Amino acid sequence: MNWDAAITLFGSVALIFFIGLTASRKEAVSKSFVQDYYLGSRSLGGFVLAMTMTATYGSASSFIGGPGVAYNEGLGWVLLSVTQVATGYFTLMILGKKFAIVTRKYKATTLIDFLKERYQSKLVVLLSAVSIVVFLFSAMAAQWIGGGRLIESLTGLSYTSALFIFVVTVLIYVTFGGFRAVTLTDAIQGSIMFIGTLVLLIAVIIAGGGISEIMADLQAENPNLITPFGSDGTLTAPYVSSYWILVGVGVVALPQIAVRAMSYKNTRSFHLALMIGTIVVGVIMLNMHLIGVFARPILPGIEVGDRVMPLVALEVLPPWLAGVVLAAPLAAIMSTVDSLLLIVSSTIVKDVYINYIKPEASRKKVQRMSMGITALLGILVFLMAVNPPDLIIWLNLFAIGGLEAAFIWPIVMGLYWEKGNKYGAIASMLVGIISYILFQSFYPEPFEMHAVVTSILLALLAYVGFSLSMKQEPLKH
Amino acid sequence: MNEKTSAEKDPRFKIANKEALIGIGLVLFNFIWWFAFAYGLGGKDPSEYTYVFGLPAWFFYSCVAGVVVMAILVFFVVKYFFTDVSFDDEVDKDQ
């Protein structure tokens, strides 16, 4: 067990959480528990907004899985990953002011609230709730696994005990803190990620004898590692380009991202978030994946991709510093997990329970339900993650693609196309999800691209086709 | 209350629509920059690569410079083309 690293790692994480909780206590009681717990009363400033977007999105797939794949594939995978820089500005610009204005008008606190008001359809709500619960659940499992692996590699504890420590920490935090605490810690975590990846990158470059040296080593081992095409030349241009949809543009449709795009205070914060977010996402993604590639000549022969990051940090940094720097990916995973937990729990409590089962539930009741469900969900995911597959990135990307195929058109067209109606939305969600699952299972790369591209196109056709051909009866007044 | 149609007349939506279009423009530019440098310069045999700061030129321009360019571009676009609007529900006159 590596005590120095373990102590600084857990110390940093504890400190982050402490700050988040104290800060959120300050403004504790506001009018509505639901608004506050799930949305932080729409009061995010620019810096916090940018960081929380980054931290939520920059998840285990980018921080543990991503560098692991980059280690095996070389610069081609870094090329693929920088497509995520688009999330820094595109998501906020597209949802942007319109989403903020409309959701305020609708008094919506979740993505489903918005869809419910926009389409006035029970089926839309239920379909959305089911897809959020199913897909985000698998995304959460992937994050749990990433967190467990990280603690395992760093401390030498068994995977199960590492996972257990991780889950307990996250659960305590999310259950009591809610959205505001989560976004505040996201801001701190985002900053640690930014600085941590920078420190680690520099240390790796020094350990490898400079960039030119590392490139020469890579080229000597396998020239493909420094081309855009991956270690065995299979990363084709259409395939890599399709990641612009999967991890760039399509991110607009992820509920955990969308909810953040309605929670900011005013347009000044929004503008600031755009500028900060682009830089932060770009730098973090670039650094993180470069670290994976550069680690290869320094530590050849790592078998489990997920362990590249922690092992290389321990190799090139003094243990205590490795602990602090690894608090960054751990923080990233935690912040992804805690937002996912909140989304799933809000879906169940707010969108299903309060909407359809018991609209007049008291504040206290809702509060207890929210916390209880959040905790229960965490435990369920833990049980799923105990026996996990190796490369978490695939699991995670599966979930992300599914959500994008389901939600992108109901959200985007719902905002910008007046003629879009509930038939379009329902058709689009069904076509998107079903075609995505079928493609993934039987024909994963239509037109040499990631399946999500074709599914999203089909979903668009369905949305437009059904909206135009089936007129919705006029809204009740 | 006729939400949908009155919503379309909200003057803030014109601003929002314009800014969404800018977002699409930016992402298209970003994609072309990224693609052109990556596959334009990177398509050669690795032995013919040129290097910038130790990194293969295709990678440097496509990824490193790409991120920097986008950050600067977003900064200027937001600074000069984005408009502040009020989120207060009731009165939304633009001063």
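Mentor: One term to begin with: a residue is called buried when its relative accessible area is under 20%, exposed when it is over 50%, and partly exposed in between. Keep in mind that this is a predicted model.

Trainee: Okay. Is A:Glu152 buried or exposed, then?
Mentor: Its relative accessibility is 18%, under the 20% cut-off, so A:Glu152 counts as buried. A:Arg149 is buried too, at 10%. These two form a salt bridge, with the closest N and O atoms 3.6 Å apart.

Trainee: Where do A:Arg149 and A:Glu152 lie?
Mentor: Both are in helix α8 (residues 122-155) of chain A. They're three residues apart, which is about one turn of the helix.

Trainee: How many salt bridges does the structure hold over all chains?
Mentor: Three. One of them joins A:Lys97 to B:Glu19, with 2.7 Å between the closest N and O atoms. That pair crosses between chains: A:Lys97 sits in helix α6 (residues 85-106) of chain A, and B:Glu19 in helix α2 (residues 11-42) of chain B.

Trainee: Why does A:Lys97 count as buried?
Mentor: Because its relative accessibility is 2%. B:Glu19 is at 1%, so that residue counts as buried as well.

Trainee: And what does A:Arg296 pair with?
Mentor: A:Arg296 forms a salt bridge with A:Glu221, and here the closest N and O atoms are 2.9 Å apart. A:Arg296 counts as buried at 18%, while A:Glu221, at 48%, counts as partly exposed.

Trainee: Now helices. What describes two packed helices?
Mentor: The angle between their axes, and the distance between the axes. Take helix α16 (residues 319-357) and helix α17 (residues 363-385) of chain A: they pack at about 135°, with axes 9 Å apart. That angle makes α16(A) oblique to α17(A). Their crossing is right-handed.

Trainee: Which residues of α16(A) meet α17(A)?
Mentor: Among them are A:Leu341, A:Val344, A:Ile348 and A:Tyr353. On the α17(A) side you'll find residues including A:Lys365, A:Met369, A:Ile373 and A:Leu377. Sort the residues of this contact by type and you get 10 nonpolar, four polar and one charged.

How values were computed. Residues numbered from 1 in each chain as written. Chains lettered and ligands numbered in written order. Predicted model: local features only at pLDDT ≥ 70, side-chain atom pairs only at ≥ 80, totals over all residues. Heavy atoms only, no water. Salt bridge = Lys/Arg side-chain N within 4 Å of Asp/Glu carboxyl O. Helix = DSSP H or I, 4+ residues; strand = E, 2+ residues; numbered from the N terminus. Buried < 20%, exposed > 50% of the residue type's maximum accessible area, 1.4 Å probe, protein only. Axes fitted to C-alpha atoms, helices over the stretch in contact; angles between N-to-C directions. Parallel < 35°, antiparallel > 145°, perpendicular 65-115°, else oblique. Left-handed = near helix turned anticlockwise from the far one by under 90°. Contact = heavy atoms within 4.5 Å. Nonpolar A, V, L, I, M, F, W, Y, C, P; charged D, E, K, R; others polar.
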